[in-house]
Structure formats: structure tokens, C-alpha cells
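Welcome, and thanks for taking a look at this one with me.

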Amino acid sequence: MAGRIRNCLLLLIVCLSLCAASVDRLQPGDFMPGLSGQSLSGKPVTLPPGDAGFVLVFSFSHASAGDSRQWIEHSTAAGNPDVYQAIELQSAPLLVRGMAVAGIKSATPASQRDHTILLYKDEATWKARLGVTSDKYAYVLCIDKAGRI
């Protein structure tokens, strides 16, 4: 009986591992998966925001901050009114998250704080969806009014 339970548990672990690893990379034409978090101004944010097109800039480390800032500035200057930044903090140690958020807040203009989303989960999923090869760079999605990439 114990052997049968052990085999069932092993099978369950293998199945869960395969399910977790089977996230498809986003492609042009795919619908934007839902994304929820809290903005730097403390408000809940859910994307996509409805029937508006937008630009979404993902950051996975402090090293990508300059790259993200450039994408946001260029997208805004190009006339994109809705530019969001998603900052993934799941892998940041709990002891430094408060300092990290304070630093992000001080470096983010007040006009962009409602559009800066802090994420504390699903980091591996988003990295797989975006095909992240390095945390040093920002990853950018342009979403049309229909919610497609």
C-alpha cells in the first residue's frame, strides 16, 4: 500500500512539473494574458484595461531600470498615452523589498506612478511568456485596442 501511495505521489509531482513548465511564449496576434498588481500609488491595477491600446514594459531586475525608463520615455514621446511598467519583485529578498519599492517610487515621476505595477508572483511564468534571456533588459509588449499583442 505504501509503495502504491509513493508511486501516485511521484506521478502527481511529475504531472505538476510538466504543467508548470508548459507556458507558451507570447506571439504577435496572441491575446494579452490578464495581469493584476498594485500600482506605486497604492491602487489596484488590472491589465488589459478594457478597450484601449497600451504599451507594457516589463522589468525583472534593477539592472533593467535604465532600459525601462528609455522605453517609457520614447513610447510616451511617440504619442502612446497609456504606457504601463510592470516591475517583478518576486525574487527580491523580503528584507530588501521595502527599500526597493521606496527607491522605485523616488525614481518614478508622480505622473507615472498609477501606471507602474508592482508584481510579487508569477515571475517564472512571465519570463517564459516573454522569452526572457537576461534580466538586464526591459521587455516590451504593444497591445492593440482588441487586447492583442
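Which backbone oxygen does the side chain of Thr 108 reach? Point 1 takes that up, and the later points step back to the whole chain.

1. The side chain of Thr 108 comes to 2.6 Å from the backbone oxygen of Ile 104. You will find Thr 108 in the loop that links helix 3 to strand 5 (116-119). Apart from neighbours within four places in sequence, Thr 108 has contacts with Leu 40, Arg 113 and Thr 116. Thr 108 counts as buried because its relative accessibility is 10%, and the cut-off for buried is under 20%.

2. Now have a look at Val 96, which sits in helix 3 (residues 94-107). Its relative accessibility is 33%, so Val 96 counts as partly exposed. Together with Leu 95 and Met 99, Val 96 makes a nonpolar patch on the surface, and the three share about 360 Å² of accessible area.

3. On the overall fold, the protein has four helices and six strands. Read from the N terminus, their order is α-β-β-β-α-β-α-β-α-β. Among contacts with a separation of 6 or more, 75% join residues 24 or more positions apart.

4. As for the surface, the protein exposes about 9,100 Å², with 60% supplied by carbon and sulfur atoms. Of the 149 residues, 32% are buried.

5. Please keep in mind that this is a predicted model. The average pLDDT is 86, and 85% of the residues score at least 70. Residues 4-20 call for care: pLDDT stays under 50 there, and the model gives them zero contacts beyond four places in sequence.

Definitions and conventions
Residues numbered from 1 in each chain as written. Predicted model: local features only at pLDDT ≥ 70, side-chain atom pairs only at ≥ 80, totals over all residues. Heavy atoms only, no water. pLDDT = per-residue confidence, 0-100. Contact = heavy atoms within 4.5 Å. Patch = residues over 30% accessible without salt bridge, like charges linked within 9 Å, V, L, I, M, F, W, Y side chains within 5 Å. Areas by Shrake-Rupley, 256 points an atom, 1.4 Å probe, with all protein chains shown as cover. Salt bridge = Lys/Arg side-chain N within 4 Å of Asp/Glu carboxyl O. Helix = DSSP H or I, 4+ residues; strand = E, 2+ residues; numbered from the N terminus. Buried < 20%, exposed > 50% of the residue type's maximum accessible area, 1.4 Å probe, protein only. Polar contact = N/O pair within 3.5 Å; in protein donor to acceptor, adjacent residues only side chain to side chain.
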